Amino acid sequence: MKRSNKPIFWSLFGAGGMLAALVGPMLVLITGLLVPLGLVLPQSTMSYDRMYAFAQNGFGKAALLVVISLFLFHGCHRMYHCLQDVGIHVGPGLKAVFHGFAIAGTVAAMLILVAIGWAG
Amino acid sequence: MTLRTYVRPTAGWWRRNGHYRAYMVREASSVFVTAYALVLLVGLARLAQGRVPFEAWRAALATPWALGFHVVALGFFVCHAWTWFAVMPKTLPFIRVGGRRVSDDGIVAAGACAAVAASLVLFLAVWWTRP
């Protein structure tokens, strides 16, 4: 019998959901509202030089990859399971599209982070 | 001739009662979690492309559309966080501390406290290292 890939995608959904619940609201508040508006935190918090240095740093790379990838896996898995609720009949094709989208986003983030390289 | 079976119409079923609506709002958070991840991914791609594309992405974040999106996204993220912890007593295995099972309320409270603490640590980390 072919082994199911369900536990893998379910775990990624769960990990992404937990991360989004723990720090999601604060991340959106910082990157989407406070810094762009210069409220509390200066707009230069996300300047090119600072963000580039962050993306060159091992911890920064890991943080960016984990947030982008797990949020994508969580969101895509959950949206896929909602399709039936809004009257769209699902099957293996659509499942592959949604999970494939999260995988493609993860691979893209990895390639970009490798392209940015390491400091020094 | 093709066989035509009756399919019960389900359009708009979630408008029938408050529980269904709450369910749909909760699940709709997934659209915003995905969209936010894409905003960050585009920013990362612009960062790799260079200073000018990245500054254009930052300028785009300060437009009314982007700010409006993030206000709505913030609401859905808070809704996601709250509902995520609210169902944790059902999604986690039983946890025992000192031989006694941790109560449902205890699990929800622990989750909410962890989120507040993690958010505070994140904010302070950004605040202390601000330029």
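1. Helix axes here are lines fitted to C-alpha atoms, over the stretch in contact, and angles run from 0 to 180 degrees between N-to-C directions. Helices (H or I, at least four residues) and strands (E, at least two) are DSSP runs, numbered from the N terminus. On that basis, the axes of helix H1 (residues 6-37) of chain A and helix H3 (residues 58-83) of chain A come within 7 Å and cross at roughly 115 degrees.

2. Ground rules. This is a predicted model, in which local features need pLDDT of at least 70, side-chain atom pairs count only at pLDDT 80 or more, and totals for chains, interfaces and linings use all residues. Residues are numbered from 1 along each chain as its sequence is written, while chains are lettered from A and ligands numbered from 1 in the order in which they are written.

3. Confidence. The model scores ipTM 0.96 and pTM 0.93. The pLDDT is the predictor's confidence in each residue, from 0 to 100. Chain B averages 93, and 99% of its residues score at least 70. In chain B, the mean is lowest in strand S1 (residues 96-97), at 81. It is highest in helix H2 (residues 51-61) of chain B, at 98.

4. Back to the helix pair. H1(A) passes H3(A) in a left-handed crossing (the near helix is turned anticlockwise from the far one by less than a right angle; clockwise would be right-handed). Residues count as in contact if their C-beta atoms, placed from the backbone, lie within 7 Å. H1(A) contributes residues including A:Phe9, A:Leu12, A:Phe13, A:Gly16 and A:Gly17. From H3(A) come, among them, A:Val67, A:Phe71, A:His74, A:His77 and A:Arg78. The contact divides into eleven nonpolar residues, four polar and one charged. In this scheme Ala, Val, Leu, Ile, Met, Phe, Trp, Tyr, Cys and Pro are nonpolar, Asp, Glu, Lys and Arg are charged, and the others, Gly among them, are polar.

5. Chain A overall. Chain A has four helices and zero strands, in the order α-α-α-α. Its radius of gyration (over C-alpha atoms) is 17 Å, well over the 14 Å that the globule rule (2.2 Å times the number of residues to the power 0.38) gives for 120 residues, so chain A is more spread out than a compact globule. The C-alpha trace of chain A spans about 50 × 35 × 20 Å along its principal axes.

6. Chain B overall. Five helices and two strands make up its element count, and the sequence reads α-α-α-α-β-β-α.

7. Domains of chain B. An automatic or database assignment sets the bounds: domain 1 is 17-73 and domain 2 is 87-131. Their C-alpha centres lie 25 Å apart.

8. The interface. The contact takes 42 residues from chain A and 42 residues from chain B. On the chain A side, H1, helix H2 (48-56), H3 and helix H4 (92-116) each supply at least two residues. H1(A) gives the most, with 14 residues. That side divides into 31 nonpolar, nine polar and two charged residues.

Note on methods:
Contact = placed C-beta atoms within 7 Å.
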